[in-house]
Amino acid sequence: MAQDHIVKSFDEELEKLNNVIAQMGGLAEAQLAESIEALVRRDGDMAALVAAGDKQIDALERKVESLAVRLLVLRQPVAADLRSVLAALKISGLLERIGDYAKNVAKRTIALSQMPPMEPTHTVARMAGVVQEMIKNVLDAYIARDAEKADDVRRRDVEVDALNTSLFRELLTYMMEDSKKITACTHLLFVAKNIERMGDHATNIAESVHYLVRGENPEDERLKNDTSSLTVMDDNIPEQE
Amino acid sequence: METVPGRTWAAGTVPHAVATAGAAVAMAGLVSGGLMDPLASLALLALLVAGYLWDWSARRVAGTAGGARSAEESSASVPLTVFDALPDPVILIGKGREVQAANLSARELFDPKMVGADLAMSLRHPEVLSCVDAVLNGQPAKRSQIALPVPVRRSFEVHAVGLADAKTAAPRVVLVLHDMTLATHAQQMRADFIANASHELRSPLAALVGFIETLKGPARDDAAARDHFLDIMQSEAERMSRLIGDLLSLTRVEVNEHVQPREPVDLGTLLCTVAEVLSGQARARNMEIRVSVPETLPAVAGDADQLSQVFQNLVDNAVKYGREGSAVEIEAIEIERIPESGVRGVAVAVRDRGEGIPAEHIPRLTERFYRIDKARSRSVGGTGLGLAIVKHIVNRHRGRLKVDSVVGRGSVFTVYLRTAQRSGSK
Ligand SMILES: Nc1ncnc2c1ncn2[C@@H]1O[C@H](COP(=O)(O)OP(=O)(O)OP(=O)(O)O)[C@@H](O)[C@H]1O
Ligand SMILES: [Mg+2]
């Protein structure tokens, strides 16, 4: 009976911790969405609001820390319970970083909004769209404790990298065409870098979720070359040639 | 509209019949008026919530009010209660911000298992949480606007309304998200359409004008040049009309992208028809289109015309960019889970053996007008909108498009679609 009570109460506190993480995630998502909207609309005021909004995420991270430390000290959880608390701590740290990157994007946006519009901004927004989906899905995966969904998020990182490469080339062409665009292009390059880092952090969160659910680190090789449908095609090729 | 007048429904004494009538009026209003006046919508909501609370107090066994049932029922598309018949998501929230009940639309949009947990677990947008928190802290009502960017951009007007005089365990806040997607984005889509059309039509039009000038001037009496120019002019004009047609169909898809189509579609028949339609084109390049669909393939949820368009565009590309004399394969299989959404579905792969696509181009192919080799695509009559249309249709179906390619070997475009819900069963 007493045992039951303690267990229940641990779960309740863990639930509280998860609620704060979800809330942090919501803020990080909104910060990213708004920084990109400001970028596309060249809205410096909106960007300034995003830059200022970062403090809320920081405050929530401190809340997660104090809740987690309390849980660790008072309950001394082991095994799966310990993993849950550690994952929460790690994920909140990563979300805070994502918030920081959104703030950086917003700051660059303030500068960019003073410069003439740039076509490659749309590619940046596209890249951000993929990262937004990754962040949404990884938060959903965390909340639902869904390791497969988390693995799907890790698979999308290649897409972000490919977009980044393509954007880099696009920006280089722009800079070579017109040296007056170099400053704006440089800002956009850094914006893209920040977005790419957010994608990396979404991937890191996905690894934490996988570890949290499965109790072991994900195997990497299988994910990196996921060309399952191509293998099927290759099998068929000899018959053709 | 910060304070809502006449909160008399909260006591839960309005008979169910009134609420049902309310729902009927609400539906009619939505259909005829397009968008409801917020005041009217709140008044209707009042009736509905009253009806719901009536229901709710009658069946107040822990967890049964839309909770235990929801997982099962969210998969059925038949609205089961008045509450579920409402097109907008409606959520009832208790004093600890826990979700006490959520209608079908809310469960479908956010999380089928949202009942019982903190609202943040299913709907974590900071603006929504701050509205709800404000009302929980005593404010009578709060309104705001939010945009949810993924998977399909949607905008909502958020109404959080406090329920006073309720029993301790009863809901404290009614949260309604009024869908504003059409109203907010229609303008943008029109603007995009005009910008795209005028930009893309500029160069073919300039070419036409140039040819006309030449025909009226230096080439006036040159019969051979005249025929030649007229041929070019004809193909440019045809391209312009294709472009307008493609842009229109893209806009049509975009306008409804937030509305997921759910008719059961038999892909076997559909894919065979697509292969037939394009067989002439394939034969011209000495190619063959093979279709492989298992007998047992379940129907998918969708819009048959739009799905035809998806596969026509993909197979058209495979034929256009595949090697002459090679085969194009269309293969459909049933799968346990669609990547990311995790639901059951069908995967349709369209494979070609062609030059393949370099990796850094892959995520950009679905951008409108994006072409790897502009001249080549133009020479085969492309507008560069095919894959953009595919992407938007697949999004509308809440499916996924995956592109794998190996340079020098070929490409596979895989479309994942959700299985149709059989009404009645389960
Ligand atoms: N199967 C494929 N193999 C190689 N490249 C492809 C393939 N499918 C598409 N592409 C590339 O992607 C680009 C965009 O394709 P998309 O279908 O959107 O436009 P399009 O074929 O050029 O014109 P259309 O509007 O007539 O379809 C193409 O121009 C081509 O470069
Ligand atoms: Mg095409």
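1. Buried residues account for 52% of the 241 residues in chain A. The model is predicted. The accessible surface of chain A is about 11400 Å², and carbon and sulfur atoms contribute 52% of that area.

2. On fold, chain A has nine helices and zero strands. Along the sequence the pattern reads α-α-α-α-α-α-α-α-α. Take the contacts in chain A between residues at least 6 apart in sequence: 85% of them join residues at least 24 apart.

3. On confidence, chain A has a mean pLDDT of 87, with 88% of its residues at 70 or more. Residues 1-5 of chain A have pLDDT below 50, and this stretch makes zero contacts in the model beyond near neighbours in sequence. Residues 221-241 of chain A also fall below 50. For that stretch the model has 37 contacts beyond near neighbours in sequence.

4. A surface feature deserves a look. A:Val69, A:Val73 and A:Leu74 form a nonpolar patch, together about 290 Å² of accessible area. A:Leu74 sits in helix H2 of chain A, which covers residues 44-75. Its relative accessibility is 57%, so A:Leu74 counts as exposed, the cut-off being over 50%.

5. Now the cysteines. How many disulfides are there over all chains? The count is zero. A disulfide is a covalent bond between the sulfur atoms of two cysteines. B:Cys131 has a relative accessible area of 0%, so this residue is buried. B:Cys272 is partly exposed, because its relative accessibility is 40%, between the limits of 20% and 50%.

Methods
Residues numbered from 1 in each chain as written. Chains lettered and ligands numbered in written order. Predicted model: local features only at pLDDT ≥ 70, side-chain atom pairs only at ≥ 80, totals over all residues. Heavy atoms only, no water. Patch = residues over 30% accessible without salt bridge, like charges linked within 9 Å, V, L, I, M, F, W, Y side chains within 5 Å. Areas by Shrake-Rupley, 256 points an atom, 1.4 Å probe, with all protein chains shown as cover. Salt bridge = Lys/Arg side-chain N within 4 Å of Asp/Glu carboxyl O. Helix = DSSP H or I, 4+ residues; strand = E, 2+ residues; numbered from the N terminus. Buried < 20%, exposed > 50% of the residue type's maximum accessible area, 1.4 Å probe, protein only. Disulfide = S-S within 2.5 Å. pLDDT = per-residue confidence, 0-100. Contact = heavy atoms within 4.5 Å.
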